[in-house]
Amino acid sequence: ASILVLHGPNLNLLGTREPAVYGHATLADIDAALQTTAQAAGHTLESLQSNAEHVLVDRVQAARSDGTALILLNPAAFTHTSVALRDALAAIDLPFYEIHLSNPHRREPFRHTSYFSDLAVGVVCGFGADSYRYALDAAIARLRAG
Ligand code: DQA
């Protein structure tokens with residue numbers, strides 16, 4: 001099946017961005033590891049990072065008809081702001097997993113609300129780059145179960 005990974009704003013800076021919060025892995029490291037795992041399980045995986053809300057909205061809309069089976073999404077700061085990205089995910093009706101490197105619940109109060117969690121199949125947060133790995137493992141199990 002076809003898995004789409006979406007990364008929101010500033011995640012292009014991973015590796016150098018607040019390493020105490022987000023760790024030392026770069027986005028390329030994370031995407032490469034996801035790619036390897038997905039391929040080994042017989043799936044294809046595409047990753048996209050954007051700092052622009054409309055680029056993410058457009059990609060989510062396209063997923064409705066391009067054969068995407070499932071989405072892994074770290075909305076980054078859009079987690080706490082983007083009704084538009086939320087509405088796009090609600091519109092396409094594909095299962096998605098919400099991912100965060102940090103645990104937003106132990107951070108500033110404005111990070112405690114998410115526009116995505118109540119629509120997501122599941123939320124993985126607080127495990128650094130491993131949050132992506134755990135979410136992909138869960139996604140692969142879901143795809144296997146059909
Ligand atoms: C984040 C958490 C968000 O609050 C923050 O705006 C990010 C990254 C995370 O992965 O921990 O940019 O989504």
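I looked up I99 and found that this residue stands opposite V124 in β5. I note that the model is predicted: local features need pLDDT of at least 70, side-chain atom pairs count only at pLDDT 80 or more, and totals for chains, interfaces and linings use all residues. Residues are numbered from 1 along each chain as its sequence is written.

I then examined the pairing of β4 (residues 96-100) with β5, which is parallel and runs over four bridges. Strands pair here if DSSP finds at least two bridges between them; strands (E, at least two residues) and helices (H or I, at least four) are DSSP runs, numbered from the N terminus.

I traced the sheet as open, with five strands in the order β2-β1-β3-β4-β5 and parallel pairing. β2 (44-49) and β5 (122-125) have a single partner strand each, so one side of each is left without a neighbour in the sheet. Neighbouring strands are turned by 20 degrees against each other on average, direction ignored (axes are lines fitted to C-alpha atoms).

I next turned to helix α2. I30, L34 and A38 are buried in α2 (20 or more other C-beta atoms within 10 Å of the residue's own; exposed means 12 or fewer, with C-beta atoms placed from the backbone). They cover an arc of only 60 degrees around the axis, which puts them on the same side of α2; the arc is that of the directions from the helix axis to the C-beta atoms. The face turned away from the buried side carries the exposed residues T36, Q39 and A40.

Key:
Axes fitted to C-alpha atoms, helices over the stretch in contact; angles between N-to-C directions.
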